[in-house]
Amino acid sequence: MNRRYFIKSGATLGVAAVLFRIPLAEALAQKGATGRAKGAAAFKKVVKTDEEWRRILTVEQYRVMREKGTEAPGSSSLLKNYAKGTNVCAGCALPLFSSKTKYDSHTGWPSFWSPIAKRNVREEQDTGDGMTRTEVLCNRCDAHLGHVFDDGPDPTGLRYCMNGVALKFVPGMGRA
Ligand SMILES: [Zn+2]
């Protein structure tokens, strides 16, 4: 692993550890785990009824996040946002993607080469729409976020292709 990336990731995890009052050592151990996250029992899940989600989310957010929809490409206000900050889950505010891992994938959807921590996202096989893809969900409220592909840039080679409507940008957190 790229040493500079590791150090910067460690700093991000430090922020996450403070935010969630979890020991930094635990956060780092999670980060060091190989392979994709298998889910994390450490999170207390955010569980709401469909009616509650409809009250919290906009119609478009509900369609994407709770019904696994996809926003129109190029529609997200986050697409060209390269300010420093943290993209948190629009449903439960769990920090998901740092601006430090954002890049322009030219797909029309906000793209990142890594989540803030593997444990913050859950991945599932998605065979909908005649394709086999890997779905990415928030690991705390189970919101559909987007998909992850293997054609991303270094250092991970991954492209987390996100629906911007499922994210909320919080400026300033996780300074580079
Ligand atoms: Zn969430």
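Visitor: Which residue stands opposite Cys89 in strand 9?

Guide: Leu167. A note on the basis: this is a predicted model, where local features need pLDDT of at least 70, side-chain atom pairs count only at pLDDT 80 or more, and totals for chains, interfaces and linings use all residues. Residues are numbered from 1 along each chain as its sequence is written.

Visitor: What counts as a strand, and what as a pair?

Guide: A strand is a DSSP run of E, at least two residues, numbered from the N terminus. Two strands pair if DSSP finds at least two bridges between them. Here, five bridges join strand 1 to strand 9, and the two run antiparallel. Strand 1 (residues 85–89) also runs antiparallel to strand 2, with three bridges. One of the partners there is Ser98 in strand 2, bridged to Thr86.

Visitor: What is the strand order in the sheet?

Guide: The order is 2-1-9, in an open sheet of three strands with antiparallel pairing. Strand 2 (95–98) and strand 9 (167–171) each have a single partner strand, so one side of each lacks a neighbour in the sheet.

Visitor: Is strand 1 largely enclosed or open?

Guide: A residue is buried if 20 or more other C-beta atoms, placed from the backbone, lie within 10 Å of its own. Four of the five residues of strand 1 are buried, so strand 1 is largely enclosed by the rest of the structure.

Visitor: Which residue takes a positive phi in the hairpin of strand 1 and strand 2?

Guide: Ala93, with phi near 70 degrees. This hairpin has five residues between the strands.

Methods:
A residue is buried if 20 or more other C-beta atoms lie within 10 Å of its own, exposed if 12 or fewer, and partly exposed in between; C-beta atoms are placed from the backbone.
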